[in-house]
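Please look at the sequence and the model together. The paragraphs below go from a loop residue to the ligand and then to the core.

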Amino acid sequence: MKTYKVRQRQWRVLVVQNWTLWTRKKKSCIQIILPQVMLSFVSAPLGTNSWFRLCGTNKEIFKTKDRLYAMKGGEGASSYAQNSTFQRDAIEASKEFIREAIAENFDSKWTKPTSPICIADLGCSTGPNTFLAMQTMIEAINFQFQSEGLVAQMPEFQVFFNDQISNDFNTLFKNLPQSRKYFASGVPGSFRGRLFPRKTLHLVHSSSSLCWLSKVPKEIMDKGSSAWNKGRIFHKNAPKEVVDAYATQYKADLESFLHARAQELANNGLMLLQIPIASDVILDSDVDPGKIFEVLGSCLLDMVRVGMVSEEKVDSFNVPLFYPPIKNVKEIVESNGIFRIERMRPFHVKNNVTFPTVQRLVLFYRAVLDEMIDQHFGGGIGDELFNRLAKKVKEFPNYMNPKKQKIDFIFVLLKRKPNLM
Ligand SMILES: C[S@@+](CC[C@H](N)C(=O)[O-])C[C@H]1O[C@@H](n2cnc3c(N)ncnc32)[C@H](O)[C@@H]1O
């Protein structure tokens with residue numbers, strides 16, 4: 001055991017074997033450079049005296065934290081919990097796909113009296129949508145057992161709720177349904193890295209989460225790069241270099257997600273994903289989902305003009321979201337090689353039901369972006385910014401036109417090929 005003093009803090013590090021280390025510290029982050037590998041330790045979720053364990057090879061570094069912010073916590077008027085009916089509609093719309101996927105692919109031989117069926121919801125946020133997704137999956141599995149005449153062997157379920165370490169897990173736990181028929185655990189950390197031991201999961205679910213990038217691509221904030229995204233906060237109507245930088249980051253992120261799940265899923269384990277995607281038809285530019293970020297960016301530039309925020313702050317702010325074309329998702333999964341694509345079905349969710357008023361629409365975006373905006377601009381600009389957004393949205397009548405508004409998704413069912421790796 002060695003003790004290191006780094007930035008006035010004591011760190012104890014034990015090198016057990018080449019890549020296995022133990023450290024003890026609270027709410028801090030340290031980078032340790034070892035031959036050929038750099039490891040980051042973040043011990044925040046475990047509390048003052050807990051031991052944070054990191055072990056693995058240089059290919060499977062545990063990534064607890066991406067440079068992202070979680071959805072707005074709590075249950076107040078602008079919280080995610082109160083403003084996520086749109087995402088709930090995506091789960092509702094794919095319920096039938098989920099049932100079908102389980103009926104056709106779930107393997108009841110997984111169950112032994114001593115071991116539960118393990119399900120993870122990745123990017124669960126604060127609820128309540130995650131509860132609906134988990135209940136749908138569990139009901140479908142129970143139905144499968146009943147229809148196979150296995151009533152005496154009904155399984156127990158362990159559900160792992162995962163999100164970033166800054167997610168408001170307290171709100172999630174407080175609202176766990178009383179009537180749930182599963183054991184619940186929270187798993188903090190980035191789903192771009194390993195979260196679970198090898199081959200321990202039977203099903204993985206994730207909805208409306210894989211559109212988030214692990215970080216804003218560096219080059220779009222680099223003044224010297226042709227991909228510098230000056231004057232915009234998103235890639236809509238941006239030069240090709242900006243769009244390419246977003247697409248490249250998306251590819252790298254989806255690849256690391258798949259790499260981690262390939263190790264965690266049991267043979268024949270299933271992954272059920274609902275991913276927002278780019279529309280395959282050219283949309284009226286006012287109804288493209290990126291339009292809102294363009295409008296929000298123009299509100300920020302207006303605030304620059306009246307001296308409320310600095311131009312430099314706006315130029316360095318970019319929303320780390322990307323809606324990929326369906327063919328990109330297919331190519332990335334195929335190149336991973338560990339998963340068989342069982343289904344890839346497009347569907348869409350119509351905004352008009354969820355956002356009957358401009359106010360509701362603006363609250364939806366605020367619930368998603370508020371934390372990020374607070375962190376970047378230093379807090380205090382949210383009310384002004386989103387009031388401006390509400391006024392501007394009214395200038396784009398199509399934005400609230402129920403016949404025009406929709407966001408495209410794909411439901412993806414992947415099966416882990418057995419005995420590979
Ligand atoms: C729009 S919310 C969707 C939440 C929930 N699945 C639903 O359908 O309501 C996206 C969630 O993904 C989470 N997320 C984004 N990137 C993540 C990452 N790398 N690791 C874990 N969670 C992530 C965000 O923190 C956020 O809670």
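Ser208 is found in the loop between strand 10 (201-207) and helix 4 (240-264). Helices and strands here are DSSP runs, numbered from the N terminus: a helix is H or I over at least four residues, a strand is E over at least two. Residues are numbered from 1 along each chain as its sequence is written. The model is predicted, so local features need pLDDT of at least 70 and side-chain atom pairs count only at pLDDT 80 or more, while totals for chains, interfaces and linings use all residues.

Ser208 is not a glycine, yet has a positive phi of about 55°. Is Ser208 buried or exposed? Ser208 is buried, with 24 other C-beta atoms within 10 Å. A residue is called buried if 20 or more other C-beta atoms lie within 10 Å of its own, exposed if 12 or fewer, and partly exposed in between, with C-beta atoms placed from the backbone.

Ser125 is also not a glycine and has a positive phi, of about 60°. Ser125 sits in the loop between strand 7 and helix 2, and counts as buried because it has 29 C-beta neighbours inside 10 Å. Pro128 lies in the loop between strand 7 (117-122) and helix 2. The peptide bond that leads from Gly127 to Pro128 is cis, with omega near 0°.

Now turn to the ligand. Ser125 is among the closest of the 24 residues that surround the ligand, together with Gln87, Gly123, Asn129 and Ser209. By class, the shell has 7 nonpolar, 14 polar and 3 charged residues. Ala, Val, Leu, Ile, Met, Phe, Trp, Tyr, Cys and Pro count as nonpolar, Asp, Glu, Lys and Arg as charged, and the others, Gly among them, as polar.

In soluble globular proteins, nonpolar side chains tend to be buried together. The largest nonpolar core in this model has 89 residues, and Met137 is one of those with the most contacts inside it. Such a core is a set of buried Ala, Val, Leu, Ile, Met, Phe, Trp, Tyr and Cys residues joined through C-beta atoms within 7 Å. Leaving aside neighbours within four places in sequence, Met137 is in contact (C-beta atoms, placed from the backbone, within 7 Å) with Ile98, Ile102, Ile119, Leu203 and His205.

How values were computed. A residue is near a molecule or strand if its C-beta atom, placed from the backbone, lies within 6 Å of it. Two residues are in contact if their C-beta atoms, placed from the backbone, lie within 7 Å.
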